[in-house]
Amino acid sequence: MSSRISARISAISESATLAVDAKAKAMKAAGRPVIGFGAGEPDFPTPGYIVEAAVEAARDPRFHKYTPAGGLPELRQAIADKTLRDSGYQVDASRVLVTNGGKQAVYQAFATLLDPGDEVLVVAPYWTTYPEAIKLAGGVQVDVVTDETTGYLASVEQLEAARTERTKVLLFVSPSNPTGAVYPREQVEAIGRWAAEHGLWVVTDEIYEHLVYGGAEFTSIATAVPELGDRVVIVNGVAKTYAMTGWRVGWLIGPSDVVKAATNLQSHATSNVSNVAQVAALAAVKGDLSAVERMREAFDRRRKTMVRMLNEIPGVLCPEPQGAFYVYPSVKALLGKELRGRRPQTSAELAELILEEAEVAVVPGEAFGTPGYFRLSYALGDDDLVEGVSRLQKLLSEAV
Ligand SMILES: Cc1ncc(COP(=O)(O)O)c(C=O)c1O
């Protein structure tokens, strides 16, 4: 008898980050004062001028219709212009595909590039969605594991050690979710040249491009390494830059054949992105970057507070992230210790204990391919952040 759920879909795991968030929200709804460090979204509202553009569009029957599957022509052009402005990467609007968030761009990029057995190099810790998108496309993920000693940056030597004759794609993510690592320009160039030399494709996720701190700078591998030629696919979106996670607008930029094939896929899967949301995204990418600059300043302040407070906890080692809005401390030294009558052996068990005992939600490293760590988002209000980390300090200092 055939099984009710296909093997392909049964193999997909629940998003661990969304699961933690859901559990924390359920506890909150039940009246418990949970502080959630799980969510991967800015706590700011979408800027007013973007919302206004959407309200106007919603009133205009022209925007009640389907758009071309690839997106509104003016939005594709604005994305091409924005990419030149922010990444120095020149691209024709015909090579932009507007997607339902960066997530759909990730999914479609792998679905379009991979045949069964094709290998993808993925630097761990990695964002939870990548493995599922690769797996669904029949690809084989090959992990390149990094840790806090290199600031979670992979070297060319590590990548080369993982390369085989089946390697087709390098997934490159900087700034990184979950670690906040940002590759310096020289390392971006070295990695890109190495990929070009071996004829690899590079899928580069640039969704956190505008969230970098201190002296760190975002470098687009597509621009820094012209030798990659037409083997680069850029994934990006408005979610993180303009606090627009709920609007679901992202994009994929690639060579014409990839964009055409991915558009065919999308045309049957989801057609176009909501017309009204596309108009909102148009206002966002055509506008300036002052809103993200204000958010960036707030995130930078919270980042410093969080790193300092976490490092005050014995057994927690928190490197200073340079981008995105996450910290990724090691909690290995706490595992196996006694805490409130229990002895958590894994970061997942410790995260569960913390949620129950301190009413603080963190995402365990198991979700990102590296047990022994936590990911904490600092995209939440300053007071909640201090209260949440204070609770962690209090609880975790009891470990013996
Ligand atoms: C690294 C990375 N890429 C892409 C996305 C996709 O974002 P969205 O689908 O909301 O545009 C996210 C969201 O968490 C992310 O962290």
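This is a predicted model: local features need pLDDT of at least 70, side-chain atom pairs count only at pLDDT 80 or more; totals for chains, interfaces and linings use all residues.
1. A ligand nitrogen is 2.5 Å from an N or O atom in the side chain of Asp 205. Lys 240, in turn, places a polar side-chain atom 2.7 Å from an oxygen atom of the ligand. As for cover, the ligand on its own has 390 Å² of accessible area, and the protein covers 93% of that.

2. Which pocket does the ligand take up? The ligand's space is the largest pocket. This pocket has a volume of about 510 Å³. It is lined by 29 residues, and Gly 40, Lys 103, Trp 127, Lys 240 and Thr 245 are the closest to its centre. The elements α2 (16-29), α5 and α6 each supply at least two residues of the lining. By class, the lining of this largest pocket divides into 11 nonpolar, 10 polar and 8 charged residues.

3. **A second pocket.** How much volume does the second largest pocket have? Its volume is about 340 Å³. The lining is made by 18 residues, and those closest to the centre are Ile 12, Ser 13, Thr 128, Thr 129 and Glu 132. Here α2, α5 and α6 are the elements that give two or more residues to the lining. Of the lining of this second largest pocket, α6 provides the largest share, 5 residues. The classes come out as 9 nonpolar, 5 polar and 4 charged.

4. Rolling a probe the size of a water molecule over the atoms shows where empty space is left. How many cavities of 30 Å³ or more does a search of the whole structure find? The search gives 1 cavity of that size. About 150 Å³ of space lies in the largest cavity. Among its 17 lining residues, Val 123, Pro 125, Val 173, Ser 176 and Tyr 183 lie nearest the centre. The strands β3 (119-124) and β5 (167-173) are the elements that give two or more residues to this lining. The lining of the largest cavity has 13 nonpolar and 4 polar residues, and no charged ones.

5. **Two cis peptide bonds.** Is the peptide bond from Ala 124 to Pro 125 cis or trans? This bond is cis, with omega near 0 degrees. Pro 125 sits in the loop between β3 and α6 (129-136), and this proline is one of the residues nearest the centre of the largest cavity. A cis bond also joins Ser 174 to Pro 175, with omega near -5 degrees. Pro 175 belongs to the loop between β5 and α8 (185-197).

6. **A positive phi.** One more backbone detail to look at is Ala 243. Phi of Ala 243 is near 50 degrees, a positive value in a residue other than glycine. You will find Ala 243 in the loop that runs between β7 (232-237) and β8 (250-253).

Key. Residues are numbered from 1 along each chain as its sequence is written. Side-chain values use heavy atoms; hydrogens and water are left out. A polar contact is a pair of N or O atoms within 3.5 Å; within protein, one must be able to donate a hydrogen and the other to accept it, and residues adjacent in sequence count only if both atoms are side-chain atoms. Accessible areas come from the Shrake-Rupley method with a 1.4 Å probe; for residues, only the protein chains shown count as cover. On a 1 Å grid over the protein atoms alone, a cavity is a set of points where a 1.4 Å probe fits but cannot get out, and a pocket is an open set with protein on both sides within 12 Å along at least five of seven lines; lining residues have an atom within 4 Å of a point. A molecule sits in a cavity or pocket if more than half of its atoms lie within 2 Å of its grid points. Grid points are joined across faces, edges and corners, and a volume is the space filled by probe spheres set on the points. Helices (H or I, at least four residues) and strands (E, at least two) are DSSP runs, numbered from the N terminus. Ala, Val, Leu, Ile, Met, Phe, Trp, Tyr, Cys and Pro count as nonpolar, Asp, Glu, Lys and Arg as charged, and the others, Gly among them, as polar.
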